[in-house]
Amino acid sequence: MPILGVIDSGKSGHLVTNNYSSIATVTLASTGTITFSSIPNTYTHLQIRGITSLSNWVQIGLNGTTGGSYTYHELRGNGSSASASSSINVEGLMALGAGTTGYTAFVTDLLDYANVNKYKTVRTLYGSDQNGSGNVGFTSNLYQSTSAINSITFYQNSYASLPVGTTIALYGIK
Amino acid sequence: MAAGATYVPIATQTLGSSASSVTFNSISQGFTDLVVVSSIKPSSSASGYGPSFQINGDTGSNYSYTLIYGNGSSAGSIRASSINYARYGSGGSTSTLEADVTHIMNYSNTTTYKTILARFSQPSADTGAFVNLWRNTAAITSLTFYGNDGGSIAAGSTFTLYGISAA
């Protein structure tokens, strides 16, 4: 296929604003969980971008809250059919890994996280393709607390450790 | 926590006339993730598959994807394995622009295969998401986007490439 437009994207000098800022990143050198604490409340929304070789659910915990403080909805495709599920008063399940050939990727938005007048919504686009198996889907979690979010912890489902190489980056959006 | 501004526009291409493809070449390795925001319509209807892209000029059977979609009356999911392209869009209309956002995660890593998420919205046809796997550990230095069946993209389509740097 011929290539029409070739753009040199290695140039510099683009305007960089403070509207989308990198706050912190963690890459696991050994198995464990990942916590971002003392998150400033100076942004409007947070975005989380991550990759992991986990073959299980990635679980989110806000402000150190464990147990059934979250509601959950999911829409998932497994390559042959689409399915939907929901649950209440559960853990914060946000992205389902499917194997180690390809990393599971997820992009999560934590909306209006510093607002103290409403419950918080977490929405995620995730996917894991293994060249013959895999999942792609959307989740939404409701954290049933009006507190501002100042810490986020990521686990494997049931508060287990995440694998080596898991990388999660936290960004703030003005 | 220290915060650094990021989400940098790297390059934009707007098609004044139909083009056989759109390429971002010589992509800087100075970011963590890439995001491509596109507003596109293919030049012709699909007989086989919808809008696609290739990485680093790789035309081999090193791609696979899993798709979930909804078309207004039903939802479904399909998969393709060991094919020679990745997917980013619907391609369900040649008259209405669709909005697509493609996330290329950890693109400069040289030890892992690359996972690419793509969210598409074609208001005349369907909406959904792809997860693509490119089975290659090379850093990504170029991206080439096509319309339906590897064909051309119509005038008025736009592509913008952004870079995101993690702290």
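# Close-up views of a predicted two-chain model

**Figure 1. Chain A is built from strands.** Read along the sequence, chain A of this predicted model runs β-β-β-β-β-β-β-β-β-β-β-β-β. The count is 13 strands and zero helices. Chain A has a radius of gyration of 17 Å, close to the 16 Å that the globule rule gives for 174 residues, so it is as compact as a globular protein of that length. Along the principal axes, its C-alpha atoms fill a box of roughly 55 × 40 × 30 Å. Of the 174 residues, 46% count as buried. Contacts reach across the sequence: among those between residues at least 6 apart, 77% join residues at least 24 apart.

**Figure 2. A four-stranded open sheet in chain A.** The strand order is E3-E12-E5-E8, and the pairing is antiparallel. Strand E3 (34-36) and strand E8 (92-96) stand at the edges; each has a single partner strand, so one side of each is left without a neighbour in the sheet. On average, neighbouring strands are turned by 25 degrees against each other, direction ignored. Strands of a sheet pair through backbone hydrogen bonds, either parallel or antiparallel.

**Figure 3. Bridges within the chain A sheet.** Three bridges join E3(A) to E12(A), and the two strands run antiparallel. Here A:Phe36 stands opposite A:Ile152 in E12(A). Next, E12(A) pairs with E5(A) over five bridges, again in the antiparallel sense. A:Val58 has A:Gln156 of E12(A) as its bridge partner.

**Figure 4. Strand E12 of chain A.** How many of the five residues of strand E12 (residues 152-156) are buried? Four are, so the strand is largely enclosed by the rest of the structure. E12(A) pairs with E3(A) through three bridges and with E5(A) through five.

**Figure 5. An eight-stranded open sheet in chain B.** The order is E2-E13-E4-E9-E10-E11-E6-E7, with antiparallel pairing. The edge strands are E2 (8-14) and E7 (75-83) of chain B, and each pairs on one side only. The twist averages 15 degrees from one strand to the next. Take one pair from this sheet: strand E9 (residues 98-104) and strand E10 (residues 114-122) of chain B run antiparallel, joined by six bridges. B:Ile104 has B:Ile116 in E10(B) as its bridge partner.

**Figure 6. Where chain A touches chain B.** The contact takes 52 residues from chain A and 56 residues from chain B. On the chain A side, the elements that give two or more residues include strand E1 (5-8), strand E4 (45-52), strand E6 (70-77) and strand E13 (167-173). Strand E2 (20-27) of chain A is also among them. E2(A) gives the largest share of that side, six residues. By class, the side of chain A that touches chain B has 21 nonpolar, 27 polar and four charged residues.

**Figure 7. Strand pairing across the two chains.** E2(A) also pairs with a strand of the other chain. Two bridges join E2(A) to strand E1 (residues 4-5) of chain B, and the two run antiparallel. The bridge partner of A:Ser22 is B:Gly4 in E1(B).

**Figure 8. A:Tyr119 in its loop.** A:Tyr119 is found between strand E9 (104-111) and strand E10 (120-129) of chain A. Is this residue buried or partly exposed? A:Tyr119 has 15 other C-beta atoms within 10 Å, so it is partly exposed. Neighbours within four places in sequence aside, A:Tyr119 is in contact with A:Leu142, A:Tyr143, A:Gln144, A:Ser145 and A:Thr146. A:Tyr119 and A:Leu142 are 23 residues apart in sequence and 6.8 Å apart in space, C-alpha to C-alpha.

**Figure 9. Two loop residues with positive phi.** Most residues other than glycine have a negative phi. A:Asn131 has a positive phi, near 55 degrees. A:Asn131 is found in the loop between E10 and E11 of chain A. With 23 other C-beta atoms within 10 Å, A:Asn131 is buried. In chain B, phi of B:Tyr7 is near 70 degrees, a positive value too. B:Tyr7 is found in the loop between E1 and E2 of chain B. B:Tyr7 counts as buried, because it has 20 C-beta neighbours inside 10 Å and 20 is enough for that class.

Technical notes: Residues are numbered from 1 along each chain as its sequence is written. Chains are lettered from A and ligands numbered from 1 in the order in which they are written. This is a predicted model: local features need pLDDT of at least 70, side-chain atom pairs count only at pLDDT 80 or more; totals for chains, interfaces and linings use all residues. Two strands pair if DSSP finds at least two bridges between them. Axes are lines fitted to C-alpha atoms, for helices over the stretch in contact, and angles run from 0 to 180 degrees between N-to-C directions. A residue is buried if 20 or more other C-beta atoms lie within 10 Å of its own, exposed if 12 or fewer, and partly exposed in between; C-beta atoms are placed from the backbone. Two residues are in contact if their C-beta atoms, placed from the backbone, lie within 7 Å. The radius of gyration is taken over C-alpha atoms; the globule rule is 2.2 Å times the number of residues to the power 0.38. Ala, Val, Leu, Ile, Met, Phe, Trp, Tyr, Cys and Pro count as nonpolar, Asp, Glu, Lys and Arg as charged, and the others, Gly among them, as polar.
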